[in-house]
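Work through the following exercises with the coordinates open, and try each task before reading its solution.

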Amino acid sequence: MILVAVLAEMLEEYTVLLARVLEQLFNVAPLPRRMRFLILRSLPFASSPGPILVVKDV
């Protein structure tokens, strides 16, 4: 039972870390602004919507 709790905690920390990495990756990705916004909003454990880096589409 303790092993399951430890594993669940590790999985939660991994998911939070992965969401942060993906958030940074998609903030600078050369995607249309609306698509970036939708992707970032759908990430689990995503941070609260703050200032989003705006990269002009070329």
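The model is predicted, so local features need pLDDT of at least 70 and side-chain atom pairs count only at pLDDT 80 or more, whereas totals for chains, interfaces and linings use all residues. Residues are numbered from 1 along each chain as its sequence is written, and side-chain values use heavy atoms, with hydrogens and water left out.

**Exercise 1.** Determine how helix H1 and helix H2 are oriented towards each other.

*Solution.* Begin with the inventory, which is two helices and zero strands, taken as DSSP runs (H or I, at least four residues, for helices; E, at least two, for strands). Next, compare H1 (residues 2-28) with H2 (residues 33-42): they pack at an angle of about 175°, and their axes lie 9 Å apart. Axes are lines fitted to C-alpha atoms, for helices over the stretch in contact, and angles between N-to-C directions run from 0 to 180 degrees. H1 and H2 are therefore roughly antiparallel, a class that takes angles over 145 degrees.

**Exercise 2.** Identify which residues form the contact of H1 with H2.

*Solution.* With contact taken as heavy atoms within 4.5 Å, Leu 22, Glu 23, Phe 26 and Asn 27 of H1 meet Arg 36, Ile 39 and Leu 40 of H2. These residues divide into four nonpolar, one polar and two charged. Ala 19, Glu 23 and Asn 27 are the buried residues of H1, and they pack against H2.

**Exercise 3.** Is Leu 22 buried, partly exposed or exposed?

*Solution.* Leu 22, found in helix H1, counts as partly exposed because its relative accessibility is 28%. Leaving aside residues up to four places away in sequence, Leu 22 touches Leu 40 and Leu 43.

Technical notes. Angles under 35 degrees count as roughly parallel, over 145 as roughly antiparallel, 65 to 115 as roughly perpendicular and the rest as oblique. Ala, Val, Leu, Ile, Met, Phe, Trp, Tyr, Cys and Pro count as nonpolar, Asp, Glu, Lys and Arg as charged, and the others, Gly among them, as polar. Buried means under 20% relative accessible area, exposed over 50%, partly exposed in between (1.4 Å probe, protein chains only).
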